[in-house]
Amino acid sequence: MAMSSILNADDIKKALGAFAVPDTFDHKKFFEMIGLKTKSSDDVKKVFTVLDADNSGFIEEEELKFVLKGFAKDGRDLTDKETKEFLRAADKDGDGKIGVDEFTTLVKE
């Protein structure tokens, strides 16, 4: 499934451009800019499925680093600092990975 079937491609492009500089990524602003915050829980879960590259049911730290590439092939890699901050914000149960419920909660914050 392509991200563009769930979200507007122009919104994704603008959001990726806004966070093109390393260490500027802000997940709250990003989710807002791409319109994910206003999507249904089902759509948020579809986005999660796309980002869960290994289909483990979780987004692990190594997948999180490449999260922007999940939205568009030309998205940059997150820095280690951004990856750890994103994980810390989302990983409510402290298991070192993001489950679908944690992701949904994070998006809607």
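This is a predicted model: local features need pLDDT of at least 70, side-chain atom pairs count only at pLDDT 80 or more; totals for chains, interfaces and linings use all residues.
# Reading burial, salt bridges and aromatic pairs

Colleague: With which side chain does Lys65 meet in a salt bridge?

Modeller: In general, side chains of opposite charge can pair when their charged atoms come close. The criterion is a side-chain nitrogen of Lys or Arg within 4 Å of a carboxyl oxygen of Asp or Glu, and elements are DSSP runs numbered from the N terminus, helices being H or I with at least four residues and strands E with at least two. The partner here is Asp80, at 3.2 Å from N to O. Because Asp80 lies in helix 6 and Lys65 in the loop between helix 4 and helix 5, the pair ties together parts that are 15 residues apart in sequence. Asp80 itself is exposed, with a relative accessible area of 53%.

Colleague: How many salt bridges does the structure hold?

Modeller: There are 6. Among them is the bridge between Lys69 and Asp77, whose closest N and O atoms are 2.6 Å apart; Lys69 is partly exposed at 36% relative accessibility, and Asp77 is partly exposed as well, at 31%. Another joins the side chains of Glu109 and Lys92 at 3.2 Å, N to O. Since Glu109 lies in the segment after helix 7 and Lys92 in the loop between helix 6 and strand 2, this pair ties together parts that are 17 residues apart in sequence.

Colleague: Which residues have the most contacts inside the largest nonpolar core?

Modeller: In soluble globular proteins, nonpolar side chains tend to be buried together. Such a core is a set of buried Ala, Val, Leu, Ile, Met, Phe, Trp, Tyr and Cys residues joined through side-chain atoms within 4.5 Å. The largest one has 31 residues, and Phe30, Phe71 and Phe103 have the most contacts inside it. Two or more residues of this core come from each of helix 1, helix 2, helix 3, helix 5, helix 6 and helix 7.

Colleague: Which residues of helix 3 are buried?

Modeller: In helix 3, residues 41-51, they are Asp43, Val44, Val47, Phe48 and Leu51. Viewed down the axis, these buried residues fall within an arc of 150° and therefore line one face of the helix, the arc being that of the directions from the helix axis to the C-beta atoms. Their cover includes strand 1 (58-60), helix 4 (61-64), helix 5 (67-71), strand 2 (97-99) and helix 7 (100-108).

Colleague: How many aromatic pairs does a search of the whole structure find?

Modeller: Rings of Phe, Tyr and Trp (its six-membered ring) pair if their centres lie within 6.5 Å, with planes under 30 degrees apart counted as stacked, over 60 as edge-to-face and the rest as tilted. The search finds 9 pairs. In one of them, the rings of Phe25 and Phe86 have centres 5.5 Å apart and planes at 40°, so the pair is tilted. Because Phe25 lies in the loop between helix 1 and helix 2 and Phe86 in helix 6, the pair ties together parts that are 61 residues apart in sequence. Phe25 counts as buried at 11% relative accessibility, and Phe86 is buried at 2%. Both belong to one aromatic cluster formed by Phe19, Phe25, Phe30, Phe31, Phe48, Phe71, Phe86 and Phe103.

Notes: Residues are numbered from 1 along each chain as its sequence is written. Side-chain values use heavy atoms; hydrogens and water are left out. Buried means under 20% relative accessible area, exposed over 50%, partly exposed in between (1.4 Å probe, protein chains only). Contact means heavy atoms within 4.5 Å.
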